[in-house]
Amino acid sequence: MDTITLDHPITVEGREVKEITLRRPKVREARDARKKHKDPADQEIELVSQLSGLPPSAIEEFDIADYSKIQEVLAGFFGSSETTA
């Protein structure tokens, strides 16, 4: 599990989210995200949602700088600098 501290916290269901923790993905989850969405950005949001427990609508509210940090962690799970969700 990797925890990312957000520079720009968001509010989800009335509570402030200052950090996000991502657990390592399962092959099934990556496959399911690909099946559910054609757009790679939507696939990635779906996967981050599954790994963090936050709803996709919350993922979409992250500041782009914070989301870039999340993408780096996600890419590390796949062993590359690019996500292949």
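1. Basis. The model is predicted, so local features need pLDDT of at least 70 and side-chain atom pairs pLDDT 80 or more, while totals for chains, interfaces and linings use all residues. Residues are numbered from 1 along each chain as its sequence is written, and side-chain values use heavy atoms, with hydrogens and water left out.

2. Helix 4. This helix has 14 residues and spans 20 Å from first to last C-alpha, close to the 20 Å expected at 1.5 Å a residue. Helices here are DSSP runs of H or I, at least four residues, and strands are runs of E, at least two, numbered from the N terminus. Just after the helix, Gly-79 has a positive phi of about 75 degrees.

3. Buried residues. Asp-66, Tyr-67 and Ile-70 are among the buried residues of helix 4; buried means under 20% relative accessible area (1.4 Å probe, protein chains only). The buried residues of the helix pack against strand 1 (2-12), strand 2 (15-22), helix 2 and helix 3 (56-59).

4. Helix 2 with helix 4. The axes of helix 2 (residues 40-52) and helix 4 (residues 64-77) come within 11 Å and cross at roughly 80 degrees. The two helices are therefore roughly perpendicular (65 to 115 degrees).

5. Glu-29. This residue lies in helix 1 (residues 27-36) and is buried, at 7% relative accessible area. The Glu-29 side chain reaches the backbone nitrogen of Lys-26 at 2.8 Å.

Key:
Axes are lines fitted to C-alpha atoms, for helices over the stretch in contact, and angles run from 0 to 180 degrees between N-to-C directions. Angles under 35 degrees count as roughly parallel, over 145 as roughly antiparallel, 65 to 115 as roughly perpendicular and the rest as oblique. The expected span of a helix is 1.5 Å times one less than its number of residues. Buried means under 20% relative accessible area, exposed over 50%, partly exposed in between (1.4 Å probe, protein chains only). Contact means heavy atoms within 4.5 Å. A polar contact is a pair of N or O atoms within 3.5 Å; within protein, one must be able to donate a hydrogen and the other to accept it, and residues adjacent in sequence count only if both atoms are side-chain atoms.
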